Amino acid sequence: MKKKYFYTFLTVLFFALTVSAQEGKAQTSSRLQDTTIEGLSFYPNPVSNGKVYITSKSALEKEIIIFDILGKIVLQTFITSKELNVSALSPGIYMIKIKEAEATATRKLIIK
């Protein structure tokens with residue numbers, strides 16, 4: 001009889017922990033969503049000349065972080081103009097994260 005109550009208790013405890021863990025994940029993912037940069041434009045993509053042009057409605061300084069497909073940072077810089085030199089990067093697929101004031105945007109970047 002004690003075993004039956006013990007197993008019932010463990011089952012209820014397991015389901016309670018699973019539900020609370022899923023609620024925590026949902027809250028975390030909603031906080032990590034991009035707050036888009038108004039009027040963001042970034043071109044050309046794919047890049048073939050080693051330069052990317054990044055513009056937005058506001059001309060504020062932008063922090064640029066480029067990640068490889070494994071998530072390793074391969075380039076991190078600040079730009080005040082619209083031109084970003086990526087000629088040092090090998091051809092491939094990257095993720096580019098652009099931060100301007102409190103807004104961020106993440107896009108795929110292809111370098112030929």
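Where does Pro44 lie? Pro44 sits in the loop that joins strand S1 (41-43) to strand S2 (51-55). Strands (E, at least two residues) and helices (H or I, at least four) are DSSP runs, numbered from the N terminus.

The model is predicted: local features need pLDDT of at least 70, side-chain atom pairs count only at pLDDT 80 or more, and totals for chains, interfaces and linings use all residues. Residues are numbered from 1 along each chain as its sequence is written, and side-chain values use heavy atoms, with hydrogens and water left out.

Pro46 also lies in the loop between S1 and S2.

An open sheet is formed by 4 strands in the order S4-S3-S6-S7, with antiparallel pairing. Two strands pair if DSSP finds at least two bridges between them. Strand S4 (73-79) and strand S7 (103-111) are at the edges with a single partner strand each, so one side of each has no neighbour in the sheet. On average, neighbouring strands of this sheet are turned by 20 degrees against each other, direction ignored; axes are lines fitted to C-alpha atoms, and angles run from 0 to 180 degrees between N-to-C directions.

Strand S6 (residues 92-100) pairs with S7 in the antiparallel sense over 9 bridges. Ile93 stands opposite Ile110 in S7.

Ala101 lies in the loop between S6 and S7. Its phi is near 55 degrees, a positive value in a residue other than glycine. Ala101 counts as exposed because its relative accessibility is 61%, where exposed means over 50% relative accessible area, buried under 20% and partly exposed in between (1.4 Å probe, protein chains only).
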